[in-house]
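Subject: Structure for you to look at

Hello,

Here is the structure I promised to pass on. Please open it and keep it beside this email while you read.

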Amino acid sequence: METITQDKAKQLINDSGGRIFSAVFIKKDNTHRLINARLHTKYTSKTGRKAPYKAQEYNLKPVYDMKIKDFRMLNYNSLLTLSINKTKYIIK
């Protein structure tokens, strides 16, 4: 396993080209969560309204959760591990 920075993790996720990746992160309630996700073509809300904030300003990335089949926000600040392109990374 390689150790990478948050910026490198952002770059890997953005350059994934829609391929599925796995990530472990800390949720707001301080529990760990494994997500199998991919970047989708466009984030859509359930109500059809625009988001009241810009995700990039809060270091968030909207991803499509493959298990739940819905969009979730991935917080780069709480990212622990990333598995992409058959390589596992630890985020420092």
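Where is the place of Ser-78? Ser-78 sits in the loop between β5 and β6. Please keep in mind that this is a predicted model. Ser-78 counts as buried, because its relative accessibility is 13% and the cut-off for buried is under 20%. Setting aside neighbours within four places in sequence, Ser-78 is in contact with Val-24, Phe-25 and Ile-26.

**The whole chain**

Start with the overall picture. The protein chain has one helix and seven strands. Along the sequence they follow the pattern β-α-β-β-β-β-β-β. The C-alpha atoms fill a box of roughly 40 × 25 × 25 Å along the principal axes. For 92 residues, a compact globule would have a radius of gyration near 12 Å; this chain has 13 Å, which agrees.

Of the 92 residues, 33% count as buried. The chain exposes about 6,600 Å², and carbon and sulfur atoms supply 50% of that area. Now look at contacts with a separation of 6 or more: residues 24 or more positions apart account for 55% of them.

**The sheet**

The seven strands form an open sheet. Their order is β1-β7-β6-β2-β3-β4-β5, and the pairing is mixed. β1 (2-4) and β5 (70-75) stand at the edges with a single partner strand each, so one side of each has no neighbour in the sheet. From one strand to the next, the twist averages 35°.

What holds paired strands together? Strands of a sheet pair through backbone hydrogen bonds, either parallel or antiparallel.

- β1 and β7 pair in the parallel sense over three bridges. Thr-3 has Ile-90 in β7 as its bridge partner.
- β6 (residues 79-84) and β7 (residues 87-91) run antiparallel, joined by four bridges. Thr-81 stands opposite Ile-90, and Ile-84 stands opposite Thr-87.
- β2 and β6 pair in the antiparallel sense over four bridges. Here Ala-23 stands opposite Leu-82.
- β2 and β3 pair in the antiparallel sense over six bridges. Ile-26 faces His-32 in β3 as its opposite residue.

β2 and β3 form a hairpin with five residues between the strands. In that hairpin, Asn-30 takes a positive phi near 65°.

Helix α1 (residues 6-14) lies across β1, β2 (21-26), β4 (60-65), β5, β6 and β7. The helix runs at about 35° to β6.

Which residues of β2 are on its covered face, and which on its uncovered one? Phe-21, Ala-23 and Phe-25 are on the covered face. Ser-22, Val-24 and Ile-26 are on the uncovered one. The general rule is that side chains in a regular strand alternate between the two faces of the sheet.

**The core**

The largest nonpolar core has 18 residues. Those with the most contacts inside it are Ile-13, Phe-21, Val-63, Leu-74, Leu-79 and Leu-82. α1, β2, β3 (32-38), β6 and β7 each supply at least two residues of this core. In soluble globular proteins, nonpolar side chains tend to be buried together.

Take Ile-13 as one example. Leaving out neighbours within four places in sequence, Ile-13 is in contact with Phe-21, Leu-39, Leu-74, Tyr-76, Leu-82 and Ile-84.

**A closer look at Ala-23**

Is Ala-23 buried or exposed? Ala-23 is buried, because its relative accessible area is 0% and the cut-off is under 20%. This residue lies in strand β2. Not counting residues up to four places away in sequence, Ala-23 touches Arg-33, Leu-34, Ile-35, Leu-74, Leu-79, Thr-81 and Leu-82. Now find Leu-39. Ala-23 and Leu-39 are 16 residues apart in sequence and 13 Å apart in space, C-alpha to C-alpha.

Best wishes

Note on methods: Residues numbered from 1 in each chain as written. Predicted model: local features only at pLDDT ≥ 70, side-chain atom pairs only at ≥ 80, totals over all residues. Heavy atoms only, no water. Pairing = 2+ DSSP bridges. Axes fitted to C-alpha atoms, helices over the stretch in contact; angles between N-to-C directions. Contact = heavy atoms within 4.5 Å. Rg over C-alpha atoms; globule rule 2.2 N^0.38 Å. Buried < 20%, exposed > 50% of the residue type's maximum accessible area, 1.4 Å probe, protein only. Areas by Shrake-Rupley, 256 points an atom, 1.4 Å probe, with all protein chains shown as cover. Core = buried A, V, L, I, M, F, W, Y, C linked by side-chain atoms within 4.5 Å.
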